[in-house]
Amino acid sequence: MAALRVLVGVKRVIDYAVKVRVAAGGGGVQTQGVKHSLNPFCEIALEEAVRLRERGAAAEVIAASVGTRACQETLRTALAVGADRGVLLEVGEGPAPGPREAAAALAGLVGRLRPDLVLLGKQAIDDDCNQTGQLLAAMLDWPQGTFASRVELEAGAARVQREVDGGLETLRLRLPAVLTADLRLNEPRYATLPNIMKAKKKPLEVMSASELGVPPSPPRLRVLKLEEPPGRQGGQRVENVAALLERLRNSGCI
């Protein structure tokens, strides 16, 4: 089996450990001065691609991101984890690209790089859309395997085990194909200090989506308003079960 070229889509998101605050006006969340990191599901997709290369099944791993220049930091993290090179599909400041816009840009990149396999996280933790992989597969007219919990490459095909409501489903997809990584696919590695230093010398190309023949289009999704959840009220103690039931009746809960 010939070694494959694998393209991994990665997204820059607010770090999961950061307490998210609604920005003034309620049109979004505060992003200035807030720590960002690689989307956890994208980390899993990247780890799987690196493992495929380490097993000799992949010859090259390319990390790609759609966003502003700040995404270069995310791509450098991907290079430190093990990607061979990075590509930033740069968009201007303003509303973040939605799943459709990201999928269209990645489809244009696929047309240029001709990868044999595209790996994405199943969803991003900021919008939880779970749409980019499916949209990309539809745009390319490629087979797709979503929520992958196990991936095995065969001659010209990928055998994918995925989690469904009734248990596990196994698919055999002819390559090229698009896969999205679920939580149990693997446990991502940490970037070591030597690899972080090496990542600074790895190639990182910046291009616009228009260079790939993808016309700019405004996002189809628009956030109308965000609100902080109401503050939690303190608990109250009661003497016994009868008092608890009486309190619940008086509050209209039962």
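Me: Where does Arg-162 lie?
Reply: In this predicted model, Arg-162 is part of strand E8, which covers residues 157-164.

Me: Buried or exposed?
Reply: Arg-162 is buried, because its relative accessible area is 13% and buried means under 20%.

Me: What does the side chain of Arg-162 have a polar atom 2.8 Å from?
Reply: The backbone oxygen of Thr-146.

Me: Which residues is Arg-162 in contact with, leaving aside neighbours within four places in sequence?
Reply: On one stretch, Thr-146, Phe-147, Ala-148 and Ser-149.

Me: Now Arg-184. Where does that one lie?
Reply: Arg-184 is in the loop that runs between E10 and helix H5, and H5 is 193-199.

Me: Is Arg-184 buried or exposed?
Reply: Exposed, because its relative accessible area is 54% and the cut-off for exposed is over 50%.

Me: How far is Arg-184 from Val-61?
Reply: In space, 21 Å from C-alpha to C-alpha; in sequence, 123 residues.

Me: Change of topic. How many residues are in the largest nonpolar core?
Reply: It has 40 residues. Those with the most contacts inside it are Val-6, Val-8, Leu-46, Leu-117, Leu-119, Leu-153 and Leu-179.

Me: Which helices and strands each supply at least two residues of this core?
Reply: The helices are H1 (40-54) and H2 (71-81). The strands are E1 (4-9), E4 (58-67), E6 (117-121), E7 (144-154), E8 and E10 (177-181).

Me: Which of them gives the largest share?
Reply: H1, with 8 residues.

Me: What does Leu-179 contact, leaving aside neighbours within four places in sequence?
Reply: Leu-117, Val-118, Leu-119 and Leu-120 are among its contacts. Leu-179 also touches Gly-145, Val-151, Val-160 and Leu-173.

Me: Backbone next. Which peptide bond is cis?
Reply: The one from Leu-175 to Pro-176 is cis, with omega near 5°. Pro-176 is in the loop between strand E9 (167-174) and E10.

Me: What is phi for Asp-128?
Reply: It is near 55°, a positive value, and Asp-128 is not a glycine. Asp-128 belongs to the loop between E6 and helix H4 (132-140).

Me: What about Asn-130?
Reply: Asn-130 also is not a glycine, and its phi is positive at about 55°. Its place is in the loop between E6 and H4.

Me: How accessible are Asp-128 and Asn-130?
Reply: Asp-128 counts as partly exposed, at 46% relative accessibility. Asn-130 is partly exposed too, with a relative accessible area of 24%.

Me: Last one, helix H6. What is found at its start?
Reply: H6 covers residues 241-250, and at its start a side-chain oxygen of Asn-240 comes within 3.2 Å of the backbone nitrogen of Ala-242.

Me: And what follows H6?
Reply: Gly-252, with a positive phi near 85°.

Methods
Residues are numbered from 1 along each chain as its sequence is written. This is a predicted model: local features need pLDDT of at least 70, side-chain atom pairs count only at pLDDT 80 or more; totals for chains, interfaces and linings use all residues. Side-chain values use heavy atoms; hydrogens and water are left out. A polar contact is a pair of N or O atoms within 3.5 Å; within protein, one must be able to donate a hydrogen and the other to accept it, and residues adjacent in sequence count only if both atoms are side-chain atoms. Helices (H or I, at least four residues) and strands (E, at least two) are DSSP runs, numbered from the N terminus. Buried means under 20% relative accessible area, exposed over 50%, partly exposed in between (1.4 Å probe, protein chains only). Contact means heavy atoms within 4.5 Å. A nonpolar core is a set of buried Ala, Val, Leu, Ile, Met, Phe, Trp, Tyr and Cys residues joined through side-chain atoms within 4.5 Å.
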